[in-house]
Amino acid sequence: MHEATICTTFASLLSEDQMKPLLKVIQLYKNETQLIKKASQKNRDAQRLLFDIHSPKMLSVCRYYISDVQHAEEVMLNGFLKVFSKLKTFKGDGSFEGWIRRIMVRESISFLRQKKQIEFVTDKVEIYDQPVDYNNEDLDQSEIQQLIDNLPEGYRLVFVMYAIEGYKHHEIANELGNKEGTSKSQLFKARQLLQQNIKELKQTSNGTN
């Protein structure tokens, strides 16, 4: 069905009074820059729409860091409070989604710090930059999430920031307040442990364990 026909049919189901707020939301959605501007002026419709658009992805971001779903949701909501309070500082450099993600990452780190759940294992590893091969092509999203959840907090934090969020080691060290070498060692160990756990998971799935 043609887009114009769909709109006409849909409009015929609503009264004029019902159409006004709907059209307002549709108009806001057409231009994210304008939507962000209106949200920064505390327009509730604009804020709600921004939340609806971005909250599913942002919950996934928080969930990678925080295994408890309720706590991840709490962190996401606190993150959006920061997003809306800081909207006027967003200058349009880079993507808006990327800007929100950075806030969510920092909120997640802050939550883990408050709960004293960040601990870095510092036993010696000779080569931190040596690649560790592991094949996750046969794993579904829930299995990948479970593997990440099972990592020690320090391993998981660095692995998610590096492998999923795309942070560099010096950026991770700056965010976490530690040394670049610590970030490299945690990533190396996380990859080793993931390789081992993936192998065990596949053996169990194939009935060989």
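Predicted model: local features only at pLDDT ≥ 70, side-chain atom pairs only at ≥ 80, totals over all residues.
Trainee: Which helix is serine 60 in?
Mentor: Serine 60 sits in α4. Its C-alpha is 9.4 Å from that of glutamate 73, which is 13 residues away along the chain.
Trainee: OK, switching to α5. How many residues does α5 have, and what span does it reach?
Mentor: Helix α5 covers residues 69–85, so 17 residues by the numbering, and reaches 24 Å from first C-alpha to last, close to the 24 Å expected at 1.5 Å a residue.
Trainee: What caps its N-terminal end?
Mentor: Aspartate 68 does, with a side-chain oxygen 3.0 Å from the backbone nitrogen of glutamine 70.
Trainee: And which residues of α5 are buried?
Mentor: Ala72, Val75, Met76, Gly79, Phe80, Val83 and Phe84. What covers them includes α4 and α6.
Trainee: Why would that kind of spacing come up in a helix?
Mentor: An α-helix has 3.6 residues a turn, so residues three or four places apart point the same way.
Trainee: How many residues are in the largest nonpolar core?
Mentor: It has 47, and Tyr65, Val83, Leu87, Met104 and Met161 have the most contacts inside it. Helices that each supply at least two residues of this core include α3, α4, α5 and α10.
Trainee: What is tyrosine 65 in contact with, beyond four places in sequence?
Mentor: Its contacts include Val105, Leu112, Arg156, Val160 and Met161.

Conventions: Residues numbered from 1 in each chain as written. Heavy atoms only, no water. Helix = DSSP H or I, 4+ residues; strand = E, 2+ residues; numbered from the N terminus. Buried < 20%, exposed > 50% of the residue type's maximum accessible area, 1.4 Å probe, protein only. Contact = heavy atoms within 4.5 Å. Polar contact = N/O pair within 3.5 Å; in protein donor to acceptor, adjacent residues only side chain to side chain. Core = buried A, V, L, I, M, F, W, Y, C linked by side-chain atoms within 4.5 Å.
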